[in-house]
Amino acid sequence: MTQPIIEFEHVAMQYGDNVVLKSIDLEIESGKFYTLLGSSGSGKTTILRLMAGFLTPTAGNIYFEGKNINNVPPEKRRINTVFQNYALFPNMNVFENVAFGMTLKGKSKREMTEKVSEMLALVKLSGYEDREISELSGGQQQRVAIARALANEPEILVLDEPLSALDYKLRKTMQYELRNIQQRLGITFVFVTHDQEEALAMSDWIFVMDDGEILQNGTPVDIYDAPINHFVAEFIGESNIIPGVMREDYLVAFAGKEFENVDGGMRPNEPVEVVLRPEDLDLVDVSEGKLVVTIDDESFRGDYYEITAHDDDQNHWQVQATNSAEVGQRYGLYFDPEDIHIMRLNESEEDFDARLEQYEEEEAPDASD
Amino acid sequence: MHQTKAFNYSVPYYAWLLLFVIAPVILLLFESFMDVHGNFTLNNYQTYFSSGTYIRMTFNSVFFAFMVTVITLAISYPMALIMSRLKHAQFWLMLVILPTWVNLLLKAYAFIGLFAKQGTLNEFLTFVGIGPQQIMFTDGAFMAVAAYVQIPFMIMPIFNSLVEIDQSLVNAARDLGASSAQTLRKVIIPLSMNGVRTGVQAVFIPTLSLFMITRLIGGNRVITLGTAIEEHFLVTQNWGMGSTIGIILIIAMAITMYLTRDRKQGGK
Amino acid sequence: MKHKAASLYLIFVFVVMYLPIFYLIFYSFNAGDYMNNFSGFSLEHYRTLFSDYRLMRILANTFIIALLSALFATLIGTFGALGIYHTRRRGTRNTLLSLNNILIVSPDVIIGASFLILFTLIGMKLGFLSVLLAHIAFSIPIVVLMVLPRLNEMNPALIDAAHDLGANDYQVLSQIVLPYAWPGILSGFFMAITYSLDDFAVTFFVTGNGFSTLSIEIYSRARQGIDLSINALSTLMFLVSLVLIVIYYFLSTYQQRGSKKKRTLGTAVR
């Protein structure tokens, strides 16, 4: 494995009695798009400020390419920030903002002009050099902030909820463009957001945070398909979470029945939580269903119907269906064994990963055919 | 963390706080316990409280300041209210502020001309058939000039608190059936009390300590706390007694601030 | 009907407010020697004023004191505001602010008397220096009150952003913080000038026999009666005030730095 560009080692942060970060261990590799995902107060922005150097950890160490940078001030770090409200200097125009870092380094006029126009081209604002900040729209200010940070040629660009002030459509465009810029430049991006959709769409790797801890980290697909616990499952997309019991490996009981599934490595008859994503569920004839449900409500969402229903054990179900269903009618509910995801109660991330690896190895010959 | 240097630039400011804010207050307090020869004594306070003259003078001063405040408020509130509803409110506010930029002494000087025995006001009184009156060196003249000087300082805070009132509150009151008089009494006046309080502070306290107008216009008939302090420091050279009255003035000021402090419920 | 009454009241109060001022100005052109019986237009009193060597010197003193005290007060006050701004602990911050405001709420006589005690104690000769020091002292808190809100209103991320882009503390101060606070600093400077020009009571206490400012001089002349060259002087002072208020108004509405022609044009059109 290559050396991580940034490494956190038992990093903790507290103000007086208020613990903001408990004990964070994380590694960031060069050239990837990382996302810190969590609600406000989860500690994600604190991690960002620790990386950029605006905060010094109260315990633990931060390494940049293997060197401890705990006490290196922000102006000496090869990390630049795109701030939440852009923090563009109102007393300077677009050119002066983008060139600010280079002015401080005493770069030549020609070099600055070249770099600024290159950066503005990158963010699709060519020709905006002489504009005042107050003349720009929110989206344009956003682009200038990105250009200004990138003009400093950082190894890592950290972005603090940069898209939260934009409207829905612009946010979508910027998500795509940010991803594009990151891939073209090949530098590391660390992105902070509370929007799970944004995280899933953009990242190579996601850290899900809550209450000063990293709950789970992995690729978007891993985290979506195999959330570690109730919190992550709820936070990442909509889910049906139903209490169940793991009878034995690959056999789980919930909603009064037993089902074949693909999880294992647990004690026999261990109580667990079962996750089924609404889009993995299909409404079929009562005779073909694995469960029988009664439809409570239906609402049209454009590309699908959002349906709520309950089974005979009074568990509530959310289903995303392509076809309309009739309220009050009974339908069969169908899902495949792979759609069932099991979560153990209070399982740590290490145990979870170990267990996943263990039974995936066992299963490998099966899965390959 | 990074800002330690800016802290060092601020050293002259902290030196100023020490030398020109904290030290003078302490010195004034010390001086009030000194007799004319610089020995420690409680005599100043004893004299102040036992001789009727000083107590009477204090009450007089408070009374005049109170009257001036009431007159100023009575003139200023309607004025601020009318101004706040005008189109170019900020322009009218400028017109109110402008006279405060004219040197106070010049304004007092103008009234010497207006109020003199053969002055313009007496010419007017003769013209309407009342005949010339003694205007200069009366209590009335003092109150008129003091109120004149203070009016802008009363209008400004009231005006500001009035324009800050959310217009939808006024609309809501009317919508719920309040007449314009009821809206004024139940909504606008209570919501502008903060401005009134600030205005009262801005007028009452300086009026207690005015000494120039008392001398020029009041002709030493009106003795305010300010006049007494000036008298003791610069005329009779009894700094101890002057400082004692100064401490009394500071206490009076503190009481005024306390009475007009920002409370949740309106009313004085 | 009600509207009319309101307008009449408004006009009446404004007339009362401006009457004494225009009365002074009007009689400064009187050929006679009193503030009644306008006996004809004359610039006689302006001639007397400009040939009054003593008054001209006092006028110069007054402006020198005003400019110097405003300059020092702005310097000290701006860095004082920065000090308060960077004070993290709320309690300390509030204490500093309360101390700052003491001189603003204190009656002039108290300031004058206590400064007189202070200067006498340290053995300073009363005169130019004591007046200058007193004016600097009572102008500093105003500068702080003008600069501090501007600093507080600045997005703190601007400082972070400048550090992030490689600026050291000095560069952050000179290129970001001071330019941002500049309108507040200028307002503070002009307020300090007007406070100094306007002051009578404090100066009266701390000026000795040899040194005099305009307020002091008008006071001593007014005690002796009417002198129409004072009227002429007040006319000129009024004009100076007008100029100052226009500059001040310009500054307070013109918040952003106006180096760009486009912006200037935009404001002019607006």
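1. The side chains of C:R54 and C:E217 meet in a salt bridge, at 2.8 Å from N to O; a salt bridge here is a side-chain nitrogen of Lys or Arg within 4 Å of a carboxyl oxygen of Asp or Glu. C:R54 lies in helix 3 (residues 53-86) of chain C and C:E217 in helix 10 of chain C, so the pair ties together parts that are 163 residues apart in sequence. Helices (H or I, at least four residues) are DSSP runs, numbered from the N terminus.

2. This is a predicted model, in which local features need pLDDT of at least 70 and side-chain atom pairs count only at pLDDT 80 or more, while totals for chains, interfaces and linings use all residues. Residues are numbered from 1 along each chain as its sequence is written, chains are lettered from A in the order in which they are written, and side-chain values use heavy atoms, with hydrogens and water left out.

3. C:R54 is partly exposed, at 43% relative accessible area, and C:E217 is buried, at 4%. Buried means under 20% relative accessible area, exposed over 50%, and partly exposed in between (1.4 Å probe, protein chains only).

4. A second salt bridge joins C:R221 and C:D227, at 3.7 Å from N to O. C:R221 is buried, with a relative accessible area of 14%, whereas C:D227 is partly exposed, with 27%. A network of salt bridges links C:D52, C:R54, C:E217, C:R221 and C:D227.

5. Helix 10 of chain C (residues 214-223) is mostly covered, with 8 of its 10 residues buried. Among them are C:E217 and C:R221, together with C:Y219. Just after this helix, C:G225 takes a positive phi of about 120°.

6. Over all chains, a search of the whole structure finds 26 salt bridges. One in chain A is between A:E198 and A:R171, at 3.9 Å from N to O. A:E198 belongs to helix 6 (residues 196-202) of chain A and A:R171 to helix 5 (residues 168-185) of chain A, and the two are 27 residues apart. Both A:E198 and A:R171 are buried.

7. Between chain B and chain C, 72 residues of chain B are in contact with 80 residues of chain C, contact meaning heavy atoms within 4.5 Å. The area buried between these chains is about 6,900 Å², and carbon and sulfur atoms give 79% of that area. Buried area is the accessible area (1.4 Å probe) that two parts lose on being put together, summed over both. B:Y13, B:W101 and B:Y109 supply 13% of what chain B buries against chain C, more than any other three residues.

8. How many salt bridges are there between chain B and chain C? The count is 0. The rule does find 13 residue pairs in polar contact across this interface, with both residues at pLDDT 80 or more. A polar contact is a pair of N or O atoms within 3.5 Å; within protein, one must be able to donate a hydrogen and the other to accept it, and residues adjacent in sequence count only if both atoms are side-chain atoms.

9. On the side of chain B that touches chain C, helix 2 (residues 11-31) of chain B gives the most, with 14 residues. By class, that side has 54 nonpolar, 14 polar and 4 charged residues. Ala, Val, Leu, Ile, Met, Phe, Trp, Tyr, Cys and Pro count as nonpolar, Asp, Glu, Lys and Arg as charged, and the others, Gly among them, as polar.

10. The count of aromatic pairs over all chains is 44. Rings of Phe, Tyr and Trp (its six-membered ring) pair if their centres lie within 6.5 Å; planes under 30 degrees apart count as stacked, over 60 as edge-to-face and the rest as tilted. The ring centres of B:F33 and B:F40 are 5.8 Å apart and their planes are at 20°, so this pair is stacked. B:F33 is partly exposed at 23% relative accessibility, while B:F40 is exposed at 64%.

11. B:F211 and C:F200 form a tilted pair, with 5.7 Å from centre to centre and 35° between the planes. This pair crosses between chains, and both residues are buried. B:F211, B:F233, B:W239, C:F200, C:F204, C:F205 and C:Y219 form one aromatic cluster.
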